[in-house]
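Trainee: I would like to learn how to read a protein chain. Where do we begin?

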Amino acid sequence: MTIRRQHRAFLAATSVLALAAGSAYGQSAAPGSAVVLDPVTVEGSAGGNGTLRKRLEAIPGGTALVTEEEQAGKPAVTIGDVLATVPGVVVQNFFGGNDQPRIQIRGSGLQQNPVERGILALQDGLPLNRADGSYIVGLANPRQAESTEIYRGYTSNRLGATVLGGAVNFVSPTGSSAPGVRFGIEGGSFGQFNTTAQAGGRAGTLDGLVQIQRGRRDGYRDHNQSERTSVDANVGAQLSDNVRTRFFAGYTDLSFDVPGPLTKQALGSDPRRVHTGPRVVGGVATEAGPNVVRDQPQRDARQFRVGNRTTATFGAHLFDAAVGYTHTDDTFRFPISSGIRKTEGGDVTVVGRYAYSPDQSQPLPLFETTVRYVVGSADRQDFLNRAGTQGPLLGQSKLDASTLSVHSGLNVPLGGGVTVSPGVTVAHATRDNDDTFPGARRPTIAYNPMNPMLALPAGSIPAGDTSYSRSYTGISPSLGLTWKPAPDHTVYGAVSRGFEPPTHDDLIATVNGTPNSSPGRPNPASPATVSAAYRTPDLKAQTATTVEAGWRGRLGPAMLDAGTYYSWVKNELLSLRDVTGAPLGAVNADRTRHFGVELGVSAVLTDTLSGRVAYTFQDFRFEGDPLRGNNRLAGAPPHVVNAALRYDVTPAFFVQAEVDWRPGKTPVDNMNTVYADPFATVNLRASYDLNEHVSVYGEVRNLFDKTYASSTLIVDQASPTQAVYLPGDGRAVYAGLKAKF
């Protein structure tokens, strides 16, 4: 491969309009895509006319695709690494590694701690989300994906999504797209050690692939260990000339410590430490926050996935059916103010799609419809966190959920390069909680604030009943328009409605705890104080009306993707915390507005030099709120910049520099009294192909050892001395080796 061709491949990989190769089309969730067995051959340059790229470009809205090529030379690939190149998608790391980052698209799910709502997370078109819309972000593993599709805003409605943010689909390799044997080993700072193995092949009309990945990390901070083991497999078959099917199975075992937030003073003096709870000075508590040493917060989650996707094509007609089942076992040991939450249950997903494409020269089908139904049930138990061990049972529930969505739309060419795309999505969701707690009273525990390891007398409160039954129905019409004034240029505009019902984690929350007392005991010294341990608000679904416009095109050596949107959001779901960091439960904000700009640029500058920039601007605000006025919504950085410059020393050896920059202050609280400071980090990486089978690579992250808060807790009213800052990793050095045969 010549250097010029290498740079074109790099451009295709790093552009937000990147072109997928091979099986990305086969397991794509894009409109009109189908399961395929044979690899789909497309051009490897940014100017190619590959089927998937044409489909993504043709959608009147924000879409992007990131390929495996883009991660070349990058050890310890995380979700943040994969999505950093996509404007409009913001990832804020919590504890390092691939454990619990906050992902938000256009602000949806922004204020959850931890984040468990706001996007539809898919693997090969089947959801990682549970039936109520919640998900565990660490279960997604981009390291095992061949490509990643991103659908921002209403474009995800075509997939049957019922979220305002959008959808992310991780596409697995297959035996046809990645035949042979591959393995890799990586290691480096903070006890990082990863191993991967993959084997795939094809025999006649069958192909199959299996992947195994194991990773562990001691972590940058105290109480920061993590482990992850995952196994994924898929088998495809060509049943006839027009019928293809593929079976999927996977298992992920994820465990990580939660080192928690620090005060601003502690962040600057020793970002590796953990917080030990409030200090009482002169009878006044200061430095509010969890006692990580005593409470030992941690999460252990396991998920088993199995599914099938079958496609039949009859001339212009395409029928696509998928069915999947996930079983999730999740134990989250929160600090004492929330307790220990154990959730175990299963979810069934059924998806049916039909597309009618009488003109094969058009990238989108003339008519498309998707029906998606997810139903699930889970048993949840809450226990008191007694100094890092499981205490008495606090609550017990049976949680049921279902979500049905039906989307239908047209893509009608009007001539002159103009296509109009009207559509409508109808969704209905149910959320039911049956309180099965066996006792008449709920226990409480507390520790002496002056001596936080000294237990106070236990108490109890009346149990009450947390049962509820909620249902939500939404109709979301949309109208999109695209115009292609030239083959390499697309202008689009759209107006749409959005609908997102609350999850069970929104509808039931433990409350009235403190950093030294359990839910239901807001005064540690008063075990008999009667106070509710749970809050079950009667929340409304959040809805939005959005207008957006953009342009995708090529100017000389550069490819650009520019878009802007404005959303009027009603009943936005906010998950609030108090000045101590204890949860207050979820509420509906009356009116908010989300305004954003999304810009991606990538270019081949010379025969040996190429680069990219992804820029996101966010201005999310309350509108006339009685308490918060027109304040900015907490947690949303106003500017996010990720830029990279790559130099090909030889056809086999490249070096790359990357900058991750947050130029503005980020509000920590909705009252806009406390902010996280701007920061910028620099990464350097290099990769060398020893031969056609083996490559070695390495990276230095946070080259200048910048001390910064990669994320924060999000609270309603913060204190300047509160522990809300989550430190980013210090300087780290990683190296790896990959081989394929």
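Mentor: With the surface. The accessible surface of the chain is about 25,600 Å², and 60% of that area belongs to carbon and sulfur atoms. Areas come from the Shrake-Rupley method with a 1.4 Å probe. This is a predicted model: local features need pLDDT of at least 70, side-chain atom pairs count only at pLDDT 80 or more, and totals for chains, interfaces and linings use all residues. Residues are numbered from 1 along each chain as its sequence is written, and side-chain values use heavy atoms, leaving out hydrogens and water.

Trainee: What share of the residues is buried?

Mentor: Buried means under 20% relative accessible area (1.4 Å probe, protein chains only). Here 61% of the 741 residues are buried.

Trainee: How many helices and strands does the chain have?

Mentor: Both are DSSP runs: helices (H or I) of at least four residues, strands (E) of at least two. The chain has 6 helices and 42 strands. Its radius of gyration is 25 Å, close to the 27 Å from the globule rule for 741 residues, so the chain is as compact as a globular protein of that length. The radius is taken over C-alpha atoms, and the rule is 2.2 Å times the number of residues to the power 0.38.

Trainee: What holds the strands of a sheet in pairs?

Mentor: Strands pair through backbone hydrogen bonds, parallel or antiparallel. Pairing needs at least two DSSP bridges.

Trainee: Which way do S4 and S7 run?

Mentor: Parallel. Strand S4 (residues 119-123) is joined to strand S7 (residues 166-171) by 5 bridges. Ala121 stands opposite Val168 in S7.

Methods
Buried < 20%, exposed > 50% of the residue type's maximum accessible area, 1.4 Å probe, protein only.
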